[in-house]
Amino acid sequence: MVKDFRRNSTIYLMLLPVIAFYAVFHYGPLYGIQIAFKNFSAGLGIWNSPWIGLQHFQNFFNGFFFWRILRNTVLLGLYDLIFVFPASIVLALLLNEVRHRVFKRTVQSITYLPHFISVVVVVGMLVDFLAMDGLINQLIVMFGGDPIPFMRLMEWFRTIYISSAVWQGIGWGSIIYLAAISNIDPSLYEAAKVDGAGRWKQALLVTLPGILPTIIILLILRIGSFMALQDEKILLMYNPMTYETADVIGTYVYRKGILEASYSFSAAVGLFNSVINFALLVAANYMSKRFTDTKLW
């Protein structure tokens, strides 16, 4: 160990800022988790606040909004896995089949750009396009329909949230899959051609199996953040009329912790969310390790 450190001392020194960042901003704040088990008072401080055990968790589980926010969080996480996650894979497979380099790079640039647009701007675009006098409703009226108040209807929230997530992330997410595809041995495609496989079968029998380990790793990571949604985006999109389908654990924590100053209760809810995500990550990695040769650890 000492010899390795002396030999690669420069590399270890380069790691120090990264280690310091995680120690200060990720592991250091774990000290504050204990307020989830206390009746926290800013005047008394964390250590001196009275200990009440699992009372906040019990209040959350027995609360009026528990099932609503849990249902909404699970459904949005599930829709994300079903629609958003595979979209990048499909785009990468399609781009891999494009032989016109200029067209391919143009499509890549266009699909990458939304990733660099801030969430505030994206939601602003949604509000403008979906307004009663916005572009979408103008098209609906042009074809003889009636304008729809998309942003005020709870039944449209999930569709708007997921479709905008696909639009914003599909290009950026395809980068890693295109990189994985580029590492596939070209001789495999030649062998598939000799066996009479067309472009469709080559994609199914060569390309997909070639990038399967990458897909599994990213899927495990996505499952590990299953209940960690884009809370900032939801906060900007939702309103009291859409709470029934839009209110999730993250927005509930914001309302209770920031707006109502219930710090201990919001910490308990946030801790519950994190524990569920961690359990899903461990379970996904275990299932992958059991049924495939790919795993995170």
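**Helices that cross in a predicted model**

User: In which hand does H5 pass H11?
Analyst: Helices here are DSSP runs (H or I, at least four residues), numbered from the N terminus. A crossing is right-handed if the near helix is turned clockwise from the far one by less than a right angle, and left-handed if anticlockwise. The crossing of H5 past H11 is right-handed.

User: Good to know! How reliable are the features, and how are residues numbered?
Analyst: This is a predicted model, where local features need pLDDT of at least 70, side-chain atom pairs count only at pLDDT 80 or more, and totals for chains, interfaces and linings use all residues. Side-chain values use heavy atoms, without hydrogens or water, and residues are numbered along each chain from 1.

User: How are H5 and H11 oriented to each other?
Analyst: The axes of H5 and H11 come within 12 Å and cross at roughly 150° (axes are lines fitted to C-alpha atoms over the stretch in contact; angles run from 0 to 180 degrees between N-to-C directions). Angles under 35 degrees count as roughly parallel, over 145 as roughly antiparallel, 65 to 115 as roughly perpendicular and the rest as oblique. H5 and H11 are therefore roughly antiparallel.

User: Which residues of H11 meet H10?
Analyst: H10 covers residues 186-194 and packs against H11 at an angle of about 145°, with the axes 10 Å apart. This crossing of H10 and H11 is right-handed. From H10 come Leu188, Tyr189, Ala192 and Lys193, and they meet these residues of H11: Gln202, Val206 and Thr207.

User: How many residues of the contact of H10 with H11 are charged?
Analyst: Four residues of this contact are nonpolar and two are polar. The charged residues number one.

User: How are H7 and H9 oriented to each other?
Analyst: H7 spans residues 119-129 and H9 spans residues 154-182. Their axes come within 12 Å and cross at roughly 125°. H7 and H9 are therefore oblique.

User: Which residues of H9 make the contact with H7?
Analyst: The crossing of H7 and H9 is right-handed. H7 contributes Val122, Met125 and Leu126, while H9 contributes Ile160, Ser164, Trp167 and Gln168.

Technical notes:
Helix = DSSP H or I, 4+ residues; strand = E, 2+ residues; numbered from the N terminus. Contact = heavy atoms within 4.5 Å. Nonpolar A, V, L, I, M, F, W, Y, C, P; charged D, E, K, R; others polar.
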